[in-house]
Amino acid sequence: MIDGVPIDNSGGANSVNSGVATSNRAADINPDDIESISVLKGAAATVLYGSRAASGVILITTKKGKAGTKNLITFSSNYGAGRINRFPDFQNEYAQGNNGTYANNVPGSWGPRITGQTVTNWFGEEEVLQAYPNNVRDILQTSAFLQNNLSFSGASDKSNYRISYGNTYETGLVPGNELKRNSFNINLGTSLTDKLTVNTSINYINNRSERTQAGNQGSNPLWRGIYTPRSYNLSGLPYQDELGNQRWFAAEDQPYWAIEHVTYSDETNRVFGNVNLAYDFTDWLRADFRIGGDVFSTRSKGFDDKGIRSNGNTNSAGAGGIRDAELFSRDINSYLTVTGNRNLGENFRLTATLGNEVISNYSSTINAVGLGIVVPGFDNLKNFLSYNPSGSITERRLMGFFGDFILDYKNFLTLNIKGRNDFSSTLTKDNRSIFYPAVAVSFVPTDAFPQLKGNILSSAKIRANVGEVGKGAAVYSTSTYWGQASAADGWGSTTVNFPFNGLAGYTYNNSAGNPNIKPEFTREIELGTELSFFKERLYLDASVYQRDTRNLIFAVPVPATSGFTSSITNAGKLSTKGLEVLLSGSPIKMANFQWESILNFTTFRTVVEELAPGVERLTIGGFTSPNTQAVAGQQYGLIYSTDYLKDEQGRLRIGANGLPLTAPGVSAIGNPNPRFTMGLTNTFSYKGLSLSFLLDWKYKGDILSRTVGDLRIQGVAAETAESPRFNADGTPNKPYLFEGVLADGRPNDVYVTAQDYWGLRGKYVAWAGYVHDASFVKLREANLSYSLPQPLLSKVGFIDALQVSLYGRNLFVHAPNYPHLDPEQNLQGVSNSRGLEFGIQPVARTVGASLRATF
């Protein structure tokens, strides 16, 4: 919500096998235009914001001209540069090859020990065998971030204004990733009469980006590049011939070729804003009407050049492809409230609000995919042999009516009752009415009994609330729709395509709609307290809660013999129990020096209480295996795939070759949910100098890392060479032993080589071997700033304030059980599916400087 009006914050979810990483549309907002941010998490606090608030509300207030200030000009500039914060430790002792023999056409580094011998490389040239320690790191570049902002603001007794312009330029660690953003903001407000006030805010953003491929695919430059053989001169050997054809030994795309020939670009133009009218009928009755809109269009182009070996943007199987797409989105929101605020006698005060909200959403997409490039390198749709167009239109409307009543007794006892009734167009007429209430009570004992206050206890507040939030289904979930037909005989040999002989063919979609879908509800009960001590020097805010979500709407699997593979239905219930603690204080507070500290602690546990009858599990995300699932009786989102075979005592079962065996089927092999998270912020201030830093701690929470596994499977990780791979006589060294039991129950005593231990027959014979505890401690941010003293600035005359800062982000990472990579990785981006890492997304350690001046 920006200035009381919702905006589109979709995006951020990633495809697992193709395309680029996406960002949340909230990233369009210029941070310099933000005055404050607050988060509403409980259902009782969010009920007035409707179904979109089922998971909470982020309230953003933008900057405005401040009353009592003169006309001000503010300029700020920020520059930062970054290098990858955590990079694999490579071995540089063994060359490309297999089983100790050099081979120039294999991806692994299990070849001979590098001693300067002469070999014939993949290009047929003789070369002296050597390691290239930086052959992977050289793919990356120093990222850059430059942001400039200029604003004009001012206010009089009746009016205020603020006009701003922001420009951002950013490059990524991988070449070919670039962002350019220009943003304009206008905030105007005036009192037309003593009773009528008008405020308006308008924002325009132009956002252009270029991106390389991401995820679990060979066109991601780092997916294959990260385990390039240690003896391969990746940046020194040619990656293409004079015609642009790849020159590369592997089945995937050469990293530098992918950066140059597999491209993606998009441009977004966006306008959002609102107009707010407020009228004071009396000194106790006020009406507010706010209407706002969020409109944007995004045009994108994904291009795969001829000879692509992986999925890229279009899955063209080497023929080359292009994807031209356009998205248009329009959200209109109106919000009307009437609020009365009156004393009822000497002891009571009543605040009552009645309101109405109307939401209208419209979006459309147009896609055109061209396959079979004619002229390599020419990214125009006309340059392709076949075309596959598609498009969609979605419309949604919601109308809500709500009331909020607050009864206060002597400022220490408060009762808050609120309720809302929505009518959603995504449900059928019989089910579209969604009513949800909330009740909250708060008591301030230190105001009721002033004698409780003293040198230790300054104030105390106890609160309790229970509330619900309901929401409808996704658009078009209540009916089953037709889609273009295709023909198949199970063997891939049919040549029947539609249209067939000029006749089109259509069939039902694989997912069946359900006209009986009911609203999904989330009920939350919360108990909390706020305590301050030692004359407000120490503050504690703690709450415990239980959140139950029922009538969850899922697409559940059904037998294919029904003609469908899934059906949308109310499929189950989730229950979450949690604890949140905020502790802040000023350990030192002197005339010129102050130390402030804030500690946040969060822990929660979400359990799948039940699923639809006959449904044992639902896949949330990932692959056929591994994936994340919702299973009745289990924590939500556990990682499921193959595990090692174990005996009844939990010991590994080892084969006669000394390698572990795989258990049949799949089981839970990892839990991505952390036990707790904690953040600690410290700020030290001395006169105009300020030093602050933020530490983040996440305890537990598993990640299944394909990248870490590949580094070891391919023999490039440092630990794969921790012991000599060969004995003095040239025979393979066997230093590794899997702890477990053989078929006859004896402890395993069969030692294996490094290649077998780290290979797909050893540690990685089951997906369970890829799972790591992703606990970490991060120095998330540090900032050193200095504000020049006013006496000095007054001598200059035209500068009112000047601040210079040095900062760093992601400066330090300690993840003792998660090697090589940054532990904050998620294949599917912003998603309910967490804990899978396929295709490294590099994270930058950034240092920079900023300047802010007011005139």
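User: Which residues lie nearest the centre of the second largest pocket, and how many line it?

Analyst: The second largest pocket has a lining of 22 residues, and Asn783, Gln803, Ser805, Arg809 and Ser850 lie nearest its centre. A pocket here is an open set of points on a 1 Å grid over the protein atoms alone, with protein on both sides within 12 Å along at least five of seven lines, and lining residues have an atom within 4 Å of a point. This is a predicted model in which local features need pLDDT of at least 70 and side-chain atom pairs count only at pLDDT 80 or more, while totals for chains, interfaces and linings use all residues. Residues are numbered from 1 along each chain as its sequence is written, and side-chain values use heavy atoms, with hydrogens and water left out.

User: What volume does that second largest pocket have, and which strands supply its lining?

Analyst: Its volume is about 590 Å³, where a volume is the space filled by probe spheres set on the grid points, and points are joined across faces, edges and corners. At least two lining residues come from each of strand S3 (72–84), strand S8 (143–155), strand S34 (689–699), strand S37 (776–787), strand S38 (801–814) and strand S40 (844–854). Strands (E, at least two residues) and helices (H or I, at least four) are DSSP runs numbered from the N terminus.

User: How does the lining of that pocket split by class?

Analyst: The lining of the second largest pocket has twelve polar, six nonpolar and four charged residues. In that count Ala, Val, Leu, Ile, Met, Phe, Trp, Tyr, Cys and Pro are nonpolar, Asp, Glu, Lys and Arg are charged, and the others, Gly among them, are polar.

User: Tyr232 makes me think of packing. Which residues touch the most other members of the largest nonpolar core?

Analyst: Leu140, Tyr232 and Leu711 do, out of 33 residues in the largest nonpolar core. Helix H2 (221–225), helix H3 (255–261) and helix H5 (706–713) are the elements that give two or more residues to this core. Such a core is a set of buried Ala, Val, Leu, Ile, Met, Phe, Trp, Tyr and Cys residues joined through side-chain atoms within 4.5 Å, with buried meaning under 20% relative accessible area, exposed over 50% and partly exposed in between (1.4 Å probe, protein chains only).

User: What does Leu711 touch?

Analyst: Leaving out residues up to four places away in sequence, leucine 711 touches Pro88, Phe90, Ile226, Tyr227, Val716, Ala717 and His820, where contact means heavy atoms within 4.5 Å.

User: And is H5 as a whole mostly covered or mostly open?

Analyst: H5 is mostly covered, with eight of its eight residues buried. Those buried residues pack against H2, strand S35 (702–705), strand S36 (771–773) and strand S39 (836–837). Just after H5, glycine 715 takes a positive phi of about 75°.

User: Last one: where does the side chain of Gln825 reach?

Analyst: The side chain of glutamine 825 reaches the backbone oxygen of glutamine 841 at 2.9 Å. Glutamine 825 lies in the loop between S38 and S39 and, at 9% relative accessibility, counts as buried.

Methods:
1 Å grid on protein atoms, 1.4 Å probe; cavity = no way out; pocket = protein on both sides within 12 Å on 5 of 7 lines; lining within 4 Å. Polar contact = N/O pair within 3.5 Å; in protein donor to acceptor, adjacent residues only side chain to side chain.
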